[in-house]
Amino acid sequence: MYLSSRLSPLLRASRHLVRREELRGRCITCKEEEKREKRGEVEHYDVVVSGGGMVGLAMASSLGQNKTLSDRRILLLEGTPNKPWKLPEEFTNRVCALSGHTQKLFRKLGIWGHIEGIRAQAVRRMQVWEACSEAMITFDEHDQSEVLAHIVENDVILHALKEQVPAHVEVEYNTKVKCYDLPSDLSSRVTVCLHDGRKVSADLLIGADGAKSLVRQTMGSQYLGWEYDQMGIVATLQLSELSNDRSSLVWSTTKEQAQKLHQLTDEEFTDALNRAIWDESSSNEIIRTVHERWMTLLETIAPRSGAAVRQLPPSVCAIVPGTRGSFPLGLGHAVHYVAPRVALIGDAAHRIHPLAGQGVNLGFGDVATLTDTLQNAVLIGADIGDEQILHQYESERQRHNVATLATIDGLYRLYNSTAPPLVLLRSLGLSAVNIMAPLKRQLMAHAEG
Amino acid sequence: MGGYEKHGRPGLDPELVSTTTDSQQPSTISTQKSSAGHPATNSVRDTDTAGISSTLSSQGYSSSSSSSSDEYSNGNSSSDENSKNENSRSKSTYIEEEVAKFRAMADSWWDLQGDCKPLHSLNRLRVSLIREGLVQSRITKQEYIDGPRPLTGLKILDVGCGGGILCEPLARLGARVVGLDAAKENISVARLHADKDPRVSQNIEYIYGTIEEHAENIDDKYDAVVASEVLEHVDAIDLFINTCADTIKPGGSIFLTTINKTTFSWVGAIVIAEYMLHLLPTGTHDWNKFVTRQDLLFLLEKS
């Protein structure tokens, strides 16, 4: 909790409204129905995972494959139907950048090979350009020996996860949840009321039901969040006429701008994109000069070894037709991830700006930590819904997640402005960090998860 | 006569000792350091009476202790109580006042925010100790060791089980547990709570009585006997340990946890915990009844 309170100075400074969700959606109707219901008609599971997205599926797999948890009855509930999937020829526009830790988790779940076999692209170099000056920062294999990340389409990940869910884990598609009845302590169990009238009870409910999580709302967990006045526009790009190589685009821009872009044809959109990438209109003569002096100074401290190629920003040749889409951007964090017999993972617990590709990796990190926590709980003979034990998961993840959220939000605000002092500050800062290899390694290590 | 489940404080790093009996007479003593590996139970309390840790224990875990010579002069109260509660036997380990303390808190055994929170937190340490101890002594069945229920097939006696705080985790780990306590209220509370989870209740049997009575009445001996946070509440500790030992089958183990008798533990467990921070009701612990490490080892060897 105290970690989240460190966000409060940020909240006060923010121009945006803070939306606090304090809904307590205990289902009264269901409670009364239950009293009239005979016992024994409710099917009982040890763990119910609500939400069959990437993070929910990974959670169910992770629990099912764990030796210590091997005898537990696990149920995964997903509201959408299970559609058969075929790999499309063209890349889809929703992709993730998977970190090293996520890769490790996937290896453990036995799906990494499968993913690489279908389609995945290793990222070996990352470059960030400042629009308002010549500043830039590069992360590449000189800074660390491993690949930075892998870009994988969301559908590929989903498909690989679905294939590897252990046989004894029950997965129900097309099953929507009407409401949850959560206990106030360990003396009773969780009851999940489904739309088709059935009820299911659980020793532990894991909420993996996304940013608008019903589990979180029922918990009454205070949710600190706000919308950025931005949309994320996604598309698949062709960078060069000569090759068929594809590139994935995530363009965060104002809602107004996004609306305008939505109206354009693919060619017009490409032009607009190129203009945005190459636009130097907001750069300032003074800033340029100061920054040049600064770079000279930095050169004396850390002379560039060999030929450090300054890569120019890319030029986009064309947009692959039919791949444009957009989604709203915002930040969110649940103050409490856990309650007696409940735990939140993934977007249900936290939501982040995509600028650093961290979002889904935080969710997979939650999966790994929660699995370990539950394994330890079983080994000391505790009830898996024990809040004292779940708090260990919450503390560990909040430590990491809040730091990440705060940093990304800070970066977003820093780079959102064209005010010269801020531009100068961030340009000088960026260039300075660029020459500090140990600091860059630290940053990459944190981004790894 | 019965032990009392005492809510020791996890921060106290109680003495964790186990012995293995090769034959009828326990002849070897191995002092096991808590294999839980965390002084992390200290996270619950900041008054860390690591004073219980002896110079021996490098990880700050408490050492064993015993006070064989002191048992009769242990506190002014005990000799009086002894004569008051004289049974037909010449010696007894039962102390009426101590039992009454626990009878009074029968309701709070399972209140996770209440007085017994330290005992619940202590589970992390002592369940790991018992599990590891039994696995290492090879009395556990091979096919279950790596699974979720490594103690399957073992029979364990918890002397002074109180509300069953330690019995339930052991039952979840697969053991058949007999919980023994000298206060009827505790046994009722324990039974009520265990009934909430069928997986747990089918593996536990609660018995109201003293250890002396129980030792005479059992048919089968136990693979392990646990007396956790009990020694500081009984009289005639050597008799107590002897009686416990009589109920163990050859190759079995005894696990004892208690608070070390040091100045630091007086400051920590009594002054700070009871009087200053009110973590425990005052009068819960009588420092004179604490057992020092050396004494306990000595007692175990003797029996």
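Two residues are in contact when they have heavy atoms within 4.5 Å of each other. With that in hand, let us look around this predicted model, where local features need pLDDT of at least 70, side-chain atom pairs count only at pLDDT 80 or more, and totals for chains, interfaces and linings use all residues. Residues are numbered from 1 along each chain as its sequence is written, chains are lettered from A and ligands numbered from 1 in the order in which they are written, and side-chain values use heavy atoms, with hydrogens and water left out.

Leaving aside neighbours within four places in sequence, N123(B) is in contact with S128(B), I165(B), L166(B) and P169(B). N123(B) counts as buried because its relative accessible area is 8%, and buried means under 20% (1.4 Å probe, protein chains only).

Now to the place where the two chains meet. The table gathers its values.

| Chain B with chain A | Value |
|---|---|
| Residues in contact | 19 of chain B with 18 of chain A |
| Buried area | about 1,400 Å², 46% of it on carbon and sulfur atoms |
| Salt bridges | 3 |

Buried area is the accessible area (1.4 Å probe) that two parts lose on being put together, summed over both. A salt bridge pairs a side-chain nitrogen of Lys or Arg with a carboxyl oxygen of Asp or Glu within 4 Å. One such bridge joins the side chains of D46(A) and R199(B) (2.9 Å, N to O). On the side of chain B that touches chain A, α3(B) gives the largest share, 7 residues.

Definitions and conventions:
Buried < 20%, exposed > 50% of the residue type's maximum accessible area, 1.4 Å probe, protein only. Helix = DSSP H or I, 4+ residues; strand = E, 2+ residues; numbered from the N terminus.
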